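Good morning, and thank you for making time for this item.

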Amino acid sequence: METERRRQLMACALQRFARHGYHAAKISDIVADAGVAQGTFYWHFKSKEAVALEIVAEGRRQLTEVIAQGYRRSGGTVPDMVRASEQLFADLYRFAEGNREWMELLLGGLQGSEMVSAAIAETRLSLEQAFVANIERAVELGMLPGDIDAALRAAMLMSLVEGLIGRWLLSPRLPGSGVAGRTAEQLAAETARFEFYGLPGGA
């Protein structure tokens with residue numbers, strides 16, 4: 001029961017942070033949304049900053065697990081790599097779609113707490129490092145050239161993924177937008193093709 005209550009408070013806090021920002025989100029509003037007394041909040045969290053940090057940490061753990069599932073364990077051909085990347089991107093986009101408010105925090109940040117802002121920045125860096133590990137593993141398996149700049153490629157992939165998620169989920173869907181109405185799977189397929197084949201998009 002205590003674990004469920006803690007999760008409920010985190011969910012209500014996340015919703016408040018995403019919709020109203022860190023400063024405007026008050027503990028009194030969070031507990032009102034959760035339907036509990038203010039003392040219940042302080043039983044679980046010592047402050048608003050504490051719950052925000054735990055929200056960031058939990059999202060980081062889940063998203064890092066998603067990326068880690070794409071870690072190569074054996075070699076393969078370029079088409080094999082494209083399929084593996086497509087699966088990884090599909091998992092990422094589905095996670096983003098199912099955790100829209102958390103993605104708003106990750107991509108938009110939370111102004112008002114240096115510790116929370118630092119935690120978000122560290123989360124983005126850790127995700128980038130997970131991409132670095134995947135690329136370096138592909139090099140070890142002989143699937144990518146040995147002289148590839150893994151850190152730069154990972155940064156480029158992160159920028160691509162973050163930009164797509166931002167336009168797909170968090171921005172107004174303008175008529176004529178290339179991402180409007182796309183599914184996670186469709187975006188994943190195009191992202192993987194772009195990763196390996198560039199603008200031509202094919203082998």
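What pattern does the chain follow when read along the sequence? The pattern is α-α-α-α-α-α-α-α-α. Please keep in mind that this is a predicted model. In total, the secondary structure comes to nine helices and zero strands. The C-alpha trace spans about 60 × 40 × 30 Å along its principal axes.

Let me turn to the domains. The domain assignment divides the chain into domain 1, residues 1-45, and domain 2, residues 48-197. Taken over C-alpha atoms, the centres of these two domains are separated by 28 Å.

Next, the annotations. The unreviewed UniProt entry carries the annotation "domain: HTH tetR-type" for residues 3-63. In the model, that stretch is 80% helix and 0% strand, and its end C-alpha atoms lie 21 Å apart. UniProt, again in an unreviewed entry, also places the feature "DNA-binding region" at residues 26-45. Here the chain is 75% helix and 0% strand, with 14 Å between the end C-alpha atoms. Both labels come from the record, and such annotations may be inferred rather than shown by experiment.

I now come to the interface between the domains. The size of an interface is often given as the accessible area lost when the parts come together. For domain 1 and domain 2, the area buried between them is about 1,500 Å², and 70% of it falls on carbon and sulfur atoms. In terms of residues, 15 from domain 1 are in contact with 17 from domain 2.

How many residue pairs are in polar contact across this interface? The rule finds four, with both residues of each pair at pLDDT 80 or more. On the side of domain 1 that touches domain 2, helix α1, residues 2-20, gives the most, with eight residues. By class, that side of domain 1 has 10 nonpolar, three polar and two charged residues.

Two salt bridges are also found across the interface of domain 1 and domain 2. As for individual pairs, the side chains of Arg6 and Glu54 meet in a salt bridge, at 2.6 Å from N to O.

Finally, the salt bridges as a whole. The count comes to 12 by the rule applied here. One of the pairs is Arg16 with Asp33, whose side chains meet at 2.7 Å, N to O. Arg16 lies in helix α1 and Asp33 in helix α2, residues 27-34, so this pair ties together parts that are 17 residues apart in sequence.

Thank you; I shall be glad to take questions.

How values were computed. Residues numbered from 1 in each chain as written. Heavy atoms only, no water. Domains from an automatic or database assignment. Contact = heavy atoms within 4.5 Å. Buried area = accessible area lost by both parts, 1.4 Å probe. Salt bridge = Lys/Arg side-chain N within 4 Å of Asp/Glu carboxyl O. Polar contact = N/O pair within 3.5 Å; in protein donor to acceptor, adjacent residues only side chain to side chain. Helix = DSSP H or I, 4+ residues; strand = E, 2+ residues; numbered from the N terminus. Nonpolar A, V, L, I, M, F, W, Y, C, P; charged D, E, K, R; others polar.
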